[in-house]
Amino acid sequence: MTPEVASPSEPLLVFKDAALGYGDFIVVRDINLQAYRGQVLAMMGGSGSGKTTLLRGATGQIKAIKGQVTAFGQDIATSSPEELRKIRQRMGVLFQQGALFTDLNVFENVAFPLREHSKISEQQITEAVLDKLDAVGLRAAAHLNISEISGGMARRVALARAIVLEPELILYDEPFAGLDPISLGITAQLIRDLTDRLRCASILITHDVAESFAIADRVFMVGQGRMLASGTPEELSQSDDPYIRQFLKGQPDGPIAFHYPETPAFTKWLNQRGGRS
Ligand SMILES: Nc1ncnc2c1ncn2[C@@H]1O[C@H](COP(=O)(O)OP(=O)(O)O)[C@@H](O)[C@H]1O
Ligand SMILES: [Mg+2]
(Lines give C-alpha, C1' and ligand atoms only; values in the text may rest on other atoms or scores of the structure.)
(Ligands and ions follow the chains in the order given, each with its own letter.)
Protein backbone atom coordinates (compact mmCIF):
# COMPACT_ATOMS: atom_id res chain seq x y z
CA MET A 1 0.00 0.00 0.00
CA THR A 2 1.39 3.40 -0.90
CA PRO A 3 0.76 6.74 0.75
CA GLU A 4 -0.21 8.47 -2.51
CA VAL A 5 -3.10 6.12 -3.12
CA ALA A 6 -5.38 6.57 -0.16
CA SER A 7 -7.45 3.47 -0.65
CA PRO A 8 -6.99 0.31 -2.70
CA SER A 9 -10.28 1.08 -4.39
CA GLU A 10 -8.86 4.24 -5.96
CA PRO A 11 -7.84 3.89 -9.59
CA LEU A 12 -4.09 3.86 -10.32
CA LEU A 13 -4.57 5.52 -13.68
CA VAL A 14 -7.35 7.81 -14.86
CA PHE A 15 -7.99 9.43 -18.23
CA LYS A 16 -10.71 12.07 -17.87
CA ASP A 17 -12.09 13.57 -21.10
CA ALA A 18 -8.50 13.50 -22.32
CA ALA A 19 -7.31 14.52 -25.77
CA LEU A 20 -3.81 13.42 -26.77
CA GLY A 21 -1.64 14.11 -29.76
CA TYR A 22 1.40 15.92 -31.05
CA GLY A 23 1.60 19.70 -31.37
CA ASP A 24 -1.78 20.73 -32.74
CA PHE A 25 -2.49 17.26 -34.19
CA ILE A 26 -5.05 15.60 -31.93
CA VAL A 27 -4.84 11.82 -32.36
CA VAL A 28 -7.55 10.79 -29.87
CA ARG A 29 -10.11 12.83 -27.96
CA ASP A 30 -12.71 12.36 -25.21
CA ILE A 31 -10.85 9.45 -23.66
CA ASN A 32 -12.24 8.17 -20.36
CA LEU A 33 -10.59 5.24 -18.67
CA GLN A 34 -9.84 4.00 -15.17
CA ALA A 35 -7.39 1.26 -14.20
CA TYR A 36 -7.73 -0.39 -10.79
CA ARG A 37 -5.43 -2.75 -8.90
CA GLY A 38 -5.73 -6.34 -10.06
CA GLN A 39 -7.21 -5.41 -13.43
CA VAL A 40 -6.01 -6.23 -16.93
CA LEU A 41 -7.28 -3.69 -19.46
CA ALA A 42 -6.92 -4.51 -23.14
CA MET A 43 -6.52 -1.60 -25.54
CA MET A 44 -7.35 -2.46 -29.11
CA GLY A 45 -7.60 -0.63 -32.40
CA GLY A 46 -6.17 -0.56 -35.90
CA SER A 47 -2.59 0.55 -36.48
CA GLY A 48 -2.22 4.30 -36.27
CA SER A 49 -5.40 4.62 -34.19
CA GLY A 50 -3.49 6.09 -31.24
CA LYS A 51 -2.89 3.22 -28.85
CA THR A 52 0.80 3.99 -28.30
CA THR A 53 -0.10 7.67 -28.04
CA LEU A 54 -2.43 6.84 -25.12
CA LEU A 55 0.38 4.93 -23.47
CA ARG A 56 2.71 7.93 -23.87
CA GLY A 57 0.04 10.01 -22.15
CA ALA A 58 0.09 7.61 -19.19
CA THR A 59 3.88 7.80 -18.81
CA GLY A 60 3.96 11.57 -19.18
CA GLN A 61 6.04 11.48 -22.37
CA ILE A 62 3.27 13.67 -23.79
CA LYS A 63 0.80 15.85 -21.89
CA ALA A 64 -2.95 15.89 -22.38
CA ILE A 65 -4.00 18.62 -24.84
CA LYS A 66 -7.42 18.69 -23.18
CA GLY A 67 -8.80 16.98 -20.09
CA GLN A 68 -6.66 15.21 -17.54
CA VAL A 69 -4.45 12.16 -17.06
CA THR A 70 -3.86 11.14 -13.44
CA ALA A 71 -1.43 8.46 -12.27
CA PHE A 72 -1.41 7.33 -8.63
CA GLY A 73 -3.67 10.26 -7.81
CA GLN A 74 -1.36 12.86 -9.35
CA ASP A 75 -2.09 14.99 -12.40
CA ILE A 76 0.62 14.20 -14.96
CA ALA A 77 0.44 17.64 -16.59
CA THR A 78 1.20 19.57 -13.40
CA SER A 79 3.80 17.16 -12.00
CA SER A 80 7.36 18.45 -11.58
CA PRO A 81 10.18 16.51 -13.26
CA GLU A 82 11.00 14.99 -9.85
CA GLU A 83 7.37 13.96 -9.27
CA LEU A 84 7.21 12.52 -12.76
CA ARG A 85 10.36 10.49 -12.06
CA LYS A 86 8.71 9.03 -8.94
CA ILE A 87 5.52 8.26 -10.87
CA ARG A 88 7.52 6.45 -13.55
CA GLN A 89 9.36 4.36 -10.94
CA ARG A 90 5.99 2.91 -10.02
CA MET A 91 5.28 1.98 -13.65
CA GLY A 92 6.70 -0.83 -15.73
CA VAL A 93 6.68 -0.22 -19.44
CA LEU A 94 7.22 -2.76 -22.17
CA PHE A 95 7.68 -0.65 -25.28
CA GLN A 96 6.74 -1.83 -28.75
CA GLN A 97 10.40 -1.88 -29.70
CA GLY A 98 11.53 -3.14 -26.30
CA ALA A 99 15.17 -3.34 -27.26
CA LEU A 100 17.53 -5.20 -24.97
CA PHE A 101 21.12 -4.17 -24.35
CA THR A 102 23.05 -6.46 -26.68
CA ASP A 103 26.32 -6.01 -24.79
CA LEU A 104 24.75 -7.33 -21.56
CA ASN A 105 23.63 -10.92 -20.97
CA VAL A 106 20.06 -11.93 -20.06
CA PHE A 107 20.68 -11.61 -16.32
CA GLU A 108 22.25 -8.14 -16.55
CA ASN A 109 19.46 -6.88 -18.81
CA VAL A 110 16.89 -7.74 -16.16
CA ALA A 111 19.14 -6.50 -13.34
CA PHE A 112 19.62 -3.14 -15.06
CA PRO A 113 16.59 -1.28 -13.56
CA LEU A 114 17.47 -2.61 -10.09
CA ARG A 115 21.02 -1.30 -10.37
CA GLU A 116 19.72 2.04 -11.61
CA HIS A 117 16.86 2.58 -9.16
CA SER A 118 17.54 0.62 -5.99
CA LYS A 119 20.35 0.15 -3.51
CA ILE A 120 19.89 -3.52 -2.72
CA SER A 121 22.72 -6.02 -2.23
CA GLU A 122 24.17 -8.21 -4.97
CA GLN A 123 22.57 -11.23 -3.31
CA GLN A 124 19.15 -9.56 -3.36
CA ILE A 125 19.65 -8.57 -7.01
CA THR A 126 20.43 -12.20 -7.88
CA GLU A 127 17.30 -13.40 -6.07
CA ALA A 128 15.02 -10.76 -7.60
CA VAL A 129 16.31 -11.27 -11.15
CA LEU A 130 16.14 -15.08 -11.02
CA ASP A 131 12.63 -14.82 -9.56
CA LYS A 132 11.45 -12.67 -12.47
CA LEU A 133 13.26 -14.81 -15.04
CA ASP A 134 11.56 -17.82 -13.47
CA ALA A 135 8.19 -16.11 -13.89
CA VAL A 136 8.79 -15.85 -17.64
CA GLY A 137 10.25 -19.37 -17.85
CA LEU A 138 13.83 -18.26 -18.50
CA ARG A 139 15.65 -18.80 -15.19
CA ALA A 140 18.07 -21.22 -16.82
CA ALA A 141 18.76 -18.77 -19.65
CA ALA A 142 20.17 -16.14 -17.26
CA HIS A 143 23.76 -16.60 -18.41
CA LEU A 144 23.06 -16.42 -22.17
CA ASN A 145 24.04 -13.53 -24.39
CA ILE A 146 21.28 -11.67 -26.23
CA SER A 147 22.68 -12.98 -29.53
CA GLU A 148 22.07 -16.53 -28.29
CA ILE A 149 18.32 -16.22 -27.64
CA SER A 150 15.34 -16.26 -30.02
CA GLY A 151 13.02 -13.33 -30.74
CA GLY A 152 10.29 -14.81 -28.55
CA MET A 153 12.73 -15.29 -25.68
CA ALA A 154 13.92 -11.70 -26.09
CA ARG A 155 10.32 -10.48 -25.62
CA ARG A 156 10.10 -12.49 -22.41
CA VAL A 157 13.41 -11.07 -21.15
CA ALA A 158 12.04 -7.58 -21.87
CA LEU A 159 8.92 -8.56 -19.93
CA ALA A 160 11.02 -9.73 -16.95
CA ARG A 161 12.91 -6.43 -17.08
CA ALA A 162 9.64 -4.45 -17.13
CA ILE A 163 8.42 -6.16 -13.94
CA VAL A 164 11.66 -6.43 -11.96
CA LEU A 165 10.90 -3.33 -9.85
CA GLU A 166 7.47 -4.83 -9.05
CA PRO A 167 5.56 -1.89 -10.53
CA GLU A 168 2.00 -1.02 -9.54
CA LEU A 169 1.04 -0.22 -13.11
CA ILE A 170 2.39 -2.13 -16.10
CA LEU A 171 1.94 -0.90 -19.66
CA TYR A 172 2.50 -3.45 -22.41
CA ASP A 173 2.71 -2.19 -25.98
CA GLU A 174 1.96 -5.12 -28.30
CA PRO A 175 3.77 -7.76 -26.24
CA PHE A 176 2.51 -10.54 -28.51
CA ALA A 177 4.04 -9.17 -31.71
CA GLY A 178 6.24 -11.78 -33.35
CA LEU A 179 5.34 -14.58 -30.94
CA ASP A 180 4.30 -18.04 -32.08
CA PRO A 181 0.82 -19.19 -30.96
CA ILE A 182 2.13 -21.16 -27.97
CA SER A 183 4.39 -18.37 -26.67
CA LEU A 184 1.50 -15.96 -27.28
CA GLY A 185 -0.87 -17.95 -25.09
CA ILE A 186 1.77 -18.37 -22.39
CA THR A 187 2.64 -14.66 -22.44
CA ALA A 188 -1.03 -13.68 -22.16
CA GLN A 189 -1.50 -15.99 -19.19
CA LEU A 190 1.72 -14.60 -17.70
CA ILE A 191 0.34 -11.06 -17.87
CA ARG A 192 -2.82 -12.23 -16.09
CA ASP A 193 -0.84 -14.12 -13.42
CA LEU A 194 1.58 -11.23 -12.82
CA THR A 195 -1.31 -8.83 -12.44
CA ASP A 196 -2.88 -11.08 -9.83
CA ARG A 197 0.41 -11.85 -8.07
CA LEU A 198 1.76 -8.28 -7.93
CA ARG A 199 -1.76 -6.85 -7.38
CA CYS A 200 -0.90 -4.29 -10.03
CA ALA A 201 -2.95 -2.93 -12.91
CA SER A 202 -1.95 -3.91 -16.44
CA ILE A 203 -2.75 -2.14 -19.67
CA LEU A 204 -2.24 -4.33 -22.66
CA ILE A 205 -2.12 -2.95 -26.18
CA THR A 206 -2.78 -5.70 -28.65
CA HIS A 207 -4.44 -6.75 -31.91
CA ASP A 208 -5.06 -10.22 -30.66
CA VAL A 209 -8.77 -10.54 -29.92
CA ALA A 210 -8.89 -14.14 -28.68
CA GLU A 211 -5.96 -13.93 -26.25
CA SER A 212 -6.81 -10.53 -24.84
CA PHE A 213 -10.51 -11.33 -24.41
CA ALA A 214 -9.46 -14.44 -22.50
CA ILE A 215 -7.48 -12.52 -19.88
CA ALA A 216 -8.87 -8.94 -19.81
CA ASP A 217 -11.30 -7.55 -17.26
CA ARG A 218 -12.22 -4.72 -19.62
CA VAL A 219 -11.59 -4.02 -23.28
CA PHE A 220 -11.21 -0.57 -24.86
CA MET A 221 -11.43 -0.05 -28.58
CA VAL A 222 -9.95 3.07 -30.18
CA GLY A 223 -10.57 4.28 -33.71
CA GLN A 224 -11.81 7.32 -35.62
CA GLY A 225 -9.92 9.50 -33.15
CA ARG A 226 -11.93 8.42 -30.16
CA MET A 227 -12.92 5.55 -27.91
CA LEU A 228 -15.30 3.53 -30.05
CA ALA A 229 -16.33 1.12 -27.34
CA SER A 230 -15.46 -0.20 -23.93
CA GLY A 231 -16.82 -2.95 -21.76
CA THR A 232 -16.20 -6.43 -20.52
CA PRO A 233 -15.13 -9.01 -23.13
CA GLU A 234 -18.64 -10.51 -22.86
CA GLU A 235 -20.32 -7.17 -23.51
CA LEU A 236 -18.20 -6.43 -26.56
CA SER A 237 -18.62 -9.94 -27.95
CA GLN A 238 -22.36 -9.45 -27.89
CA SER A 239 -22.32 -5.97 -29.42
CA ASP A 240 -24.11 -5.26 -32.70
CA ASP A 241 -22.00 -2.18 -33.37
CA PRO A 242 -20.57 -2.48 -36.91
CA TYR A 243 -17.13 -1.14 -35.88
CA ILE A 244 -16.82 -3.65 -33.09
CA ARG A 245 -18.04 -6.52 -35.23
CA GLN A 246 -15.62 -5.64 -38.02
CA PHE A 247 -12.70 -5.43 -35.63
CA LEU A 248 -13.52 -8.61 -33.78
CA LYS A 249 -13.93 -10.55 -37.01
CA GLY A 250 -10.92 -8.94 -38.71
CA GLN A 251 -12.96 -8.15 -41.82
CA PRO A 252 -11.37 -5.98 -44.53
CA ASP A 253 -14.67 -4.31 -45.49
CA GLY A 254 -16.62 -2.21 -43.04
CA PRO A 255 -16.57 1.14 -41.34
CA ILE A 256 -12.90 0.87 -40.32
CA ALA A 257 -10.76 2.14 -43.18
CA PHE A 258 -7.61 0.29 -44.23
CA HIS A 259 -5.97 3.41 -45.63
CA TYR A 260 -4.08 5.74 -43.36
CA PRO A 261 -6.14 8.97 -43.36
CA GLU A 262 -4.77 12.02 -45.15
CA THR A 263 -3.61 14.77 -42.79
CA PRO A 264 -2.76 18.44 -43.50
CA ALA A 265 0.89 17.49 -42.89
CA PHE A 266 0.71 14.89 -45.70
CA THR A 267 -0.94 17.33 -48.11
CA LYS A 268 1.73 19.92 -47.36
CA TRP A 269 4.51 17.36 -47.86
CA LEU A 270 2.95 16.19 -51.14
CA ASN A 271 2.58 19.75 -52.41
CA GLN A 272 6.21 20.47 -51.57
CA ARG A 273 7.21 17.45 -53.64
CA GLY A 274 5.24 18.95 -56.52
CA GLY A 275 2.63 16.21 -56.40
CA ARG A 276 -1.09 16.76 -56.51
CA SER A 277 -3.49 15.57 -53.81
N1 LIG B 1 6.07 11.41 -32.23
C2 LIG B 1 5.04 11.66 -33.07
N3 LIG B 1 4.88 12.86 -33.67
C4 LIG B 1 3.86 13.10 -34.49
N5 LIG B 1 2.89 12.21 -34.81
C6 LIG B 1 2.99 10.99 -34.26
C7 LIG B 1 4.07 10.64 -33.36
N8 LIG B 1 3.89 9.36 -32.97
C9 LIG B 1 2.78 8.93 -33.58
N10 LIG B 1 2.23 9.90 -34.35
C11 LIG B 1 0.99 9.79 -35.14
O12 LIG B 1 -0.08 9.55 -34.22
C13 LIG B 1 -1.00 8.62 -34.78
C14 LIG B 1 -1.21 7.47 -33.84
O15 LIG B 1 0.02 6.77 -33.70
P16 LIG B 1 0.20 5.62 -32.62
O17 LIG B 1 -0.29 6.08 -31.31
O18 LIG B 1 1.61 5.17 -32.70
O19 LIG B 1 -0.78 4.49 -33.20
P20 LIG B 1 -0.93 2.95 -32.80
O21 LIG B 1 -0.03 2.70 -31.63
O22 LIG B 1 -2.37 2.76 -32.48
O23 LIG B 1 -0.54 2.17 -34.01
C24 LIG B 1 -0.47 8.25 -36.15
O25 LIG B 1 -1.14 9.06 -37.08
C26 LIG B 1 1.00 8.59 -36.06
O27 LIG B 1 1.50 8.91 -37.33
MG1 LIG C 1 1.60 1.44 -31.42
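Is glutamate 166 buried, exposed or partly exposed, and how many C-beta neighbours does glutamate 166 have inside 10 Å? With 16 such neighbours, glutamate 166 counts as partly exposed, where a residue is termed buried if 20 or more other C-beta atoms, placed from the backbone, lie within 10 Å of its own, exposed if 12 or fewer, and partly exposed in between. The structure is a predicted model, in which local features need pLDDT of at least 70 and side-chain atom pairs count only at pLDDT 80 or more, whereas totals for chains, interfaces and linings use all residues. Residues are numbered from 1 along each chain as its sequence is written, while chains are lettered from A and ligands numbered from 1 in the order in which they are written.

Glutamate 166 lies in the loop between H5 and strand S7 (169-173), helices (H or I, at least four residues) and strands (E, at least two) being DSSP runs numbered from the N terminus. Although glutamate 166 is not a glycine, its phi is positive, at about 50°. A positive phi, of about 45°, is also found at aspartate 17, again not a glycine; aspartate 17 belongs to strand S1 (residues 13-22) and is exposed, with 12 other C-beta atoms within 10 Å.

In helix H3 (residues 106-117), the buried residues are Val106, Phe107, Asn109, Val110 and Ala111, and the elements that cover them include helix H4 (122-135) and helix H5 (151-163). H3 and H4 pack with their axes 9 Å apart and at an angle of about 120°, the axes being lines fitted to C-alpha atoms, for helices over the stretch in contact, and the angles running from 0 to 180 degrees between N-to-C directions. H3 is therefore oblique to H4, given that angles under 35 degrees count as roughly parallel, over 145 as roughly antiparallel, 65 to 115 as roughly perpendicular and the rest as oblique. On the H3 side this contact is made by Phe107, Val110, Ala111 and Leu114, and on the H4 side by Ile125, Ala128, Val129, Lys132 and Leu133, two residues being in contact if their C-beta atoms, placed from the backbone, lie within 7 Å. The contact residues divide into 8 nonpolar, no polar and 1 charged, with Ala, Val, Leu, Ile, Met, Phe, Trp, Tyr, Cys and Pro counted as nonpolar, Asp, Glu, Lys and Arg as charged, and the others, Gly among them, as polar.

The axes of H3 and H5 come within 7 Å and cross at roughly 30°, so that H3 is roughly parallel to H5. Here Val106, Asn109, Val110, Phe112 and Pro113 of H3 meet Val157, Ala160 and Arg161 of H5, a set comprising 6 nonpolar, 1 polar and 1 charged residues.

Around ligand 1 stand Tyr22, Val27, Gly45, Ser47, Gly48, Ser49, Gly50, Lys51, Thr52 and Thr53, each counted as near if its C-beta atom, placed from the backbone, lies within 6 Å of the molecule. This shell divides into 2 nonpolar, 7 polar and 1 charged residues, and helix H1 (residues 51-59) gives the most to it, with 3 residues.

Helix H1 also holds alanine 58, which counts as buried, with 26 C-beta neighbours inside 10 Å. Neighbours within four places in sequence aside, alanine 58 is in contact with Leu13, Val69, Ala71 and Leu171. Leucine 13 and glycine 73 are 60 residues apart in sequence and 7.6 Å apart in space, C-alpha to C-alpha.
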